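Reader: Before I rely on any label in this description, I would like to see how each one is reached. Could you take me through them?

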Amino acid sequence: MIRKTGELDITPEYYFEKEDAMHLTPALLPRLIQAIDHAIETSAEEVTALDQAIGDGDHVTNLQRGIKALTVQADELARLDWMTAWQKIGMTLMTAVGGASGSLYGTLFVAMSKAARDRSLDLQSFAEIFSSGVEAVKQRGKADAGEKTMLDVLIPVAASLRQDAAESVAIADVLKNVSRTAVTGMESTRDMLATKGRASFLGERSRGHIDAGAKTSQLMICALVDVLAEHLTTPS
Ligand code: ADP
Ligand code: MG
(Lines give C-alpha, C1' and ligand atoms only; values in the text may rest on other atoms or scores of the structure.)
(Ligands and ions follow the chains in the order given, each with its own letter.)
Protein backbone atom coordinates (compact mmCIF):
# COMPACT_ATOMS: atom_id res chain seq x y z
CA MET A 1 0.00 0.00 0.00
CA ILE A 2 1.56 3.27 -1.10
CA ARG A 3 0.72 6.25 1.00
CA LYS A 4 1.24 9.87 0.14
CA THR A 5 3.70 11.73 2.36
CA GLY A 6 1.93 13.54 5.13
CA GLU A 7 -1.20 11.47 4.93
CA LEU A 8 -2.28 9.68 8.05
CA ASP A 9 -3.67 6.27 7.22
CA ILE A 10 -5.13 5.25 10.54
CA THR A 11 -6.24 1.84 9.40
CA PRO A 12 -4.73 -1.32 10.84
CA GLU A 13 -2.68 -3.42 8.40
CA TYR A 14 -5.50 -5.78 7.52
CA TYR A 15 -7.64 -2.93 6.21
CA PHE A 16 -5.12 -1.80 3.62
CA GLU A 17 -6.70 -3.82 0.87
CA LYS A 18 -10.07 -2.22 1.35
CA GLU A 19 -11.20 0.70 -0.74
CA ASP A 20 -12.85 2.40 2.21
CA ALA A 21 -9.61 2.79 4.17
CA MET A 22 -9.73 5.87 6.33
CA HIS A 23 -7.33 8.43 4.91
CA LEU A 24 -6.85 11.34 7.18
CA THR A 25 -5.07 14.40 5.89
CA PRO A 26 -4.61 17.82 7.52
CA ALA A 27 -7.49 18.96 5.27
CA LEU A 28 -9.59 17.75 8.18
CA LEU A 29 -7.96 20.24 10.58
CA PRO A 30 -10.49 23.09 10.15
CA ARG A 31 -13.27 20.69 11.19
CA LEU A 32 -11.22 19.33 14.08
CA ILE A 33 -10.39 22.82 15.36
CA GLN A 34 -14.01 23.89 15.06
CA ALA A 35 -15.14 20.84 17.03
CA ILE A 36 -12.63 21.60 19.80
CA ASP A 37 -13.74 25.22 19.87
CA HIS A 38 -17.36 24.16 20.24
CA ALA A 39 -16.61 21.60 22.97
CA ILE A 40 -14.63 24.08 25.09
CA GLU A 41 -17.20 26.84 24.52
CA THR A 42 -20.06 24.58 25.61
CA SER A 43 -18.31 23.55 28.84
CA ALA A 44 -16.58 26.88 29.54
CA GLU A 45 -18.52 27.68 32.72
CA GLU A 46 -18.12 24.20 34.15
CA VAL A 47 -14.36 24.14 33.51
CA THR A 48 -13.88 27.66 34.85
CA ALA A 49 -15.64 26.61 38.05
CA LEU A 50 -13.22 23.65 38.35
CA ASP A 51 -10.18 25.89 37.84
CA GLN A 52 -11.58 28.42 40.32
CA ALA A 53 -11.97 25.69 42.93
CA ILE A 54 -8.33 24.54 42.88
CA GLY A 55 -6.51 26.83 40.41
CA ASP A 56 -6.72 30.50 39.43
CA GLY A 57 -9.73 30.26 37.12
CA ASP A 58 -8.03 31.26 33.86
CA HIS A 59 -7.66 27.86 32.19
CA VAL A 60 -10.58 28.19 29.76
CA THR A 61 -9.65 31.74 28.76
CA ASN A 62 -6.06 30.61 28.19
CA LEU A 63 -7.19 27.70 26.04
CA GLN A 64 -9.73 29.74 24.09
CA ARG A 65 -6.98 32.19 23.12
CA GLY A 66 -5.04 29.28 21.64
CA ILE A 67 -8.05 27.82 19.85
CA LYS A 68 -8.90 31.22 18.33
CA ALA A 69 -5.32 31.49 17.06
CA LEU A 70 -5.62 28.02 15.50
CA THR A 71 -8.96 28.97 13.92
CA VAL A 72 -7.26 31.90 12.17
CA GLN A 73 -4.58 29.52 10.85
CA ALA A 74 -6.97 26.68 10.00
CA ASP A 75 -6.94 27.06 6.21
CA GLU A 76 -3.17 27.36 6.15
CA LEU A 77 -2.80 24.30 8.41
CA ALA A 78 -5.10 22.32 6.11
CA ARG A 79 -2.55 22.61 3.28
CA LEU A 80 0.41 21.27 5.28
CA ASP A 81 1.55 17.71 5.96
CA TRP A 82 0.97 16.34 9.48
CA MET A 83 4.54 16.83 10.63
CA THR A 84 4.60 20.50 9.67
CA ALA A 85 1.04 21.08 10.89
CA TRP A 86 1.78 19.62 14.34
CA GLN A 87 4.91 21.79 14.62
CA LYS A 88 2.94 24.93 13.73
CA ILE A 89 0.06 24.01 16.07
CA GLY A 90 2.53 23.45 18.91
CA MET A 91 4.29 26.79 18.39
CA THR A 92 0.95 28.60 18.18
CA LEU A 93 -0.30 27.02 21.41
CA MET A 94 2.95 27.85 23.21
CA THR A 95 2.71 31.53 22.33
CA ALA A 96 -1.06 32.05 22.41
CA VAL A 97 -2.27 30.00 25.39
CA GLY A 98 0.06 31.07 28.19
CA GLY A 99 -0.18 29.55 31.65
CA ALA A 100 1.24 26.12 32.46
CA SER A 101 -1.12 24.50 29.99
CA GLY A 102 0.18 26.55 27.02
CA SER A 103 3.71 25.23 27.23
CA LEU A 104 2.44 21.70 27.97
CA TYR A 105 -0.05 21.47 25.09
CA GLY A 106 2.52 23.20 22.87
CA THR A 107 5.17 20.66 23.86
CA LEU A 108 2.79 17.80 23.04
CA PHE A 109 2.42 18.87 19.41
CA VAL A 110 6.04 19.95 18.83
CA ALA A 111 7.22 16.58 20.17
CA MET A 112 4.68 14.74 17.99
CA SER A 113 6.03 16.59 14.97
CA LYS A 114 9.61 15.58 15.84
CA ALA A 115 8.56 11.96 16.35
CA ALA A 116 6.76 11.94 12.98
CA ARG A 117 9.92 12.79 11.02
CA ASP A 118 10.69 10.30 8.24
CA ARG A 119 7.83 7.99 9.21
CA SER A 120 4.85 6.78 7.30
CA LEU A 121 1.73 7.17 9.36
CA ASP A 122 -0.58 4.35 10.29
CA LEU A 123 -2.34 3.55 13.55
CA GLN A 124 0.74 1.86 15.00
CA SER A 125 3.07 4.75 14.25
CA PHE A 126 0.45 7.33 15.30
CA ALA A 127 0.16 5.56 18.67
CA GLU A 128 3.95 5.80 19.04
CA ILE A 129 4.05 9.43 17.88
CA PHE A 130 1.30 10.44 20.31
CA SER A 131 3.09 8.55 23.09
CA SER A 132 6.30 10.48 22.33
CA GLY A 133 4.31 13.71 22.64
CA VAL A 134 2.93 12.62 26.02
CA GLU A 135 6.43 11.62 27.20
CA ALA A 136 7.62 15.14 26.33
CA VAL A 137 4.74 16.65 28.36
CA LYS A 138 5.75 14.49 31.33
CA GLN A 139 9.31 15.78 31.09
CA ARG A 140 8.30 19.39 30.54
CA GLY A 141 5.95 19.35 33.54
CA LYS A 142 8.16 17.04 35.63
CA ALA A 143 4.98 15.12 36.28
CA ASP A 144 3.55 11.64 35.88
CA ALA A 145 0.25 9.81 36.20
CA GLY A 146 -1.59 10.21 39.50
CA GLU A 147 -0.65 13.86 40.14
CA LYS A 148 -4.06 15.29 39.19
CA THR A 149 -3.19 16.92 35.86
CA MET A 150 -3.96 16.61 32.15
CA LEU A 151 -1.50 13.69 32.17
CA ASP A 152 -4.12 11.55 33.91
CA VAL A 153 -6.01 11.71 30.61
CA LEU A 154 -3.11 11.82 28.15
CA ILE A 155 -1.12 8.88 29.58
CA PRO A 156 -4.00 6.34 29.56
CA VAL A 157 -5.16 7.51 26.12
CA ALA A 158 -1.66 6.91 24.73
CA ALA A 159 -1.64 3.44 26.33
CA SER A 160 -5.08 2.66 24.89
CA LEU A 161 -3.91 3.63 21.39
CA ARG A 162 -0.76 1.52 21.67
CA GLN A 163 -2.67 -1.51 22.92
CA ASP A 164 -5.36 -1.29 20.23
CA ALA A 165 -2.75 -0.75 17.51
CA ALA A 166 -0.83 -3.81 18.70
CA GLU A 167 -4.01 -5.88 18.64
CA SER A 168 -5.19 -4.51 15.25
CA VAL A 169 -8.50 -3.45 16.77
CA ALA A 170 -11.03 -2.05 14.24
CA ILE A 171 -10.77 1.72 13.96
CA ALA A 172 -14.32 2.40 15.16
CA ASP A 173 -13.52 0.52 18.38
CA VAL A 174 -10.13 2.23 18.72
CA LEU A 175 -11.97 5.56 18.74
CA LYS A 176 -14.57 4.38 21.26
CA ASN A 177 -11.82 3.10 23.55
CA VAL A 178 -10.00 6.43 23.33
CA SER A 179 -13.14 8.35 24.36
CA ARG A 180 -13.96 5.98 27.20
CA THR A 181 -10.38 6.06 28.48
CA ALA A 182 -10.31 9.87 28.36
CA VAL A 183 -13.52 10.12 30.43
CA THR A 184 -12.30 7.57 32.99
CA GLY A 185 -8.96 9.38 33.25
CA MET A 186 -10.65 12.75 33.72
CA GLU A 187 -12.94 11.38 36.44
CA SER A 188 -10.03 9.68 38.21
CA THR A 189 -8.53 13.10 39.02
CA ARG A 190 -11.44 13.98 41.33
CA ASP A 191 -10.13 12.07 44.33
CA MET A 192 -6.45 12.61 43.65
CA LEU A 193 -4.17 14.79 45.70
CA ALA A 194 -2.62 17.47 43.46
CA THR A 195 1.16 17.38 43.61
CA LYS A 196 1.89 19.52 40.51
CA GLY A 197 0.66 22.91 39.30
CA ARG A 198 -1.24 25.54 41.28
CA ALA A 199 -3.66 23.01 42.75
CA SER A 200 -0.74 21.46 44.67
CA PHE A 201 -0.63 24.59 46.88
CA LEU A 202 -3.96 23.46 48.36
CA GLY A 203 -2.67 20.10 49.55
CA GLU A 204 -5.49 17.89 50.86
CA ARG A 205 -8.08 20.55 49.92
CA SER A 206 -7.40 19.75 46.25
CA ARG A 207 -9.27 16.47 46.66
CA GLY A 208 -12.91 16.33 45.57
CA HIS A 209 -12.50 18.48 42.43
CA ILE A 210 -11.76 17.31 38.90
CA ASP A 211 -8.60 18.89 37.47
CA ALA A 212 -9.43 21.57 34.87
CA GLY A 213 -6.64 20.50 32.49
CA ALA A 214 -7.76 16.88 32.67
CA LYS A 215 -11.29 18.02 31.88
CA THR A 216 -10.28 20.10 28.83
CA SER A 217 -7.99 17.32 27.56
CA GLN A 218 -10.91 14.90 27.78
CA LEU A 219 -13.33 17.33 26.11
CA MET A 220 -10.92 18.00 23.24
CA ILE A 221 -10.04 14.32 22.74
CA CYS A 222 -13.72 13.33 22.70
CA ALA A 223 -14.48 16.14 20.22
CA LEU A 224 -11.66 14.94 17.93
CA VAL A 225 -12.88 11.36 18.17
CA ASP A 226 -16.44 12.41 17.23
CA VAL A 227 -15.22 14.13 14.06
CA LEU A 228 -13.02 11.16 13.14
CA ALA A 229 -15.83 8.68 13.77
CA GLU A 230 -18.17 10.74 11.61
CA HIS A 231 -15.52 11.02 8.89
CA LEU A 232 -15.10 7.26 9.04
CA THR A 233 -18.76 6.64 8.25
CA THR A 234 -19.28 9.57 5.86
CA PRO A 235 -15.91 10.68 4.46
CA SER A 236 -16.05 14.11 2.85
P1 ADP B 1 -1.88 27.94 35.19
O2 ADP B 1 -1.91 26.82 36.18
O3 ADP B 1 -0.49 28.44 34.93
O4 ADP B 1 -2.87 29.02 35.51
P5 ADP B 1 -3.73 26.83 33.27
O6 ADP B 1 -4.79 27.27 34.21
O7 ADP B 1 -3.91 27.25 31.84
O8 ADP B 1 -2.31 27.30 33.77
O9 ADP B 1 -3.60 25.25 33.27
C10 ADP B 1 -3.74 24.51 34.45
C11 ADP B 1 -3.68 23.04 34.09
O12 ADP B 1 -2.39 22.66 33.61
C13 ADP B 1 -3.92 22.15 35.30
O14 ADP B 1 -5.29 21.95 35.49
C15 ADP B 1 -3.18 20.87 34.95
O16 ADP B 1 -3.98 19.95 34.25
C17 ADP B 1 -2.09 21.34 34.03
N18 ADP B 1 -0.79 21.35 34.69
C19 ADP B 1 -0.31 22.29 35.51
N20 ADP B 1 0.96 21.97 35.91
C21 ADP B 1 1.26 20.79 35.31
C22 ADP B 1 2.41 19.93 35.28
N23 ADP B 1 3.52 20.22 35.95
N24 ADP B 1 2.34 18.81 34.53
C25 ADP B 1 1.24 18.51 33.82
N26 ADP B 1 0.14 19.29 33.79
C27 ADP B 1 0.14 20.40 34.52
MG1 MG C 1 -4.92 28.66 35.68
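This is a predicted model: local features need pLDDT of at least 70, side-chain atom pairs count only at pLDDT 80 or more; totals for chains, interfaces and linings use all residues.

Reader: Why is D81 called partly exposed?

Author: D81 has 17 other C-beta atoms within 10 Å, and because buried requires 20 or more and exposed 12 or fewer, with partly exposed in between, D81 is partly exposed. D81 is placed in the loop between helix 3 (59–78) and helix 4 (82–97).

Reader: What makes helix 2 roughly antiparallel to helix 9?

Author: The axes of helix 2 (residues 44–54) and helix 9 (residues 212–233) come within 8 Å and cross at roughly 155°. Angles over 145 degrees count as roughly antiparallel, so helix 2 is roughly antiparallel to helix 9.

Reader: Which residues of helix 2 and helix 9 meet?

Author: V47, L50 and D51 in helix 2 meet A212, K215 and T216 in helix 9, where contact requires C-beta atoms, placed from the backbone, within 7 Å.

Reader: Which helix supplies the largest share of the shell around ligand 1?

Author: Helix 5 does, with 4 residues, and of the 23 residues around ligand 1, G99, G141, T149, G197 and G213 come nearest.

How values were computed:
Residues are numbered from 1 along each chain as its sequence is written. Chains are lettered from A and ligands numbered from 1 in the order in which they are written. Helices (H or I, at least four residues) and strands (E, at least two) are DSSP runs, numbered from the N terminus. Axes are lines fitted to C-alpha atoms, for helices over the stretch in contact, and angles run from 0 to 180 degrees between N-to-C directions. Angles under 35 degrees count as roughly parallel, over 145 as roughly antiparallel, 65 to 115 as roughly perpendicular and the rest as oblique. Two residues are in contact if their C-beta atoms, placed from the backbone, lie within 7 Å. A residue is near a molecule or strand if its C-beta atom, placed from the backbone, lies within 6 Å of it.
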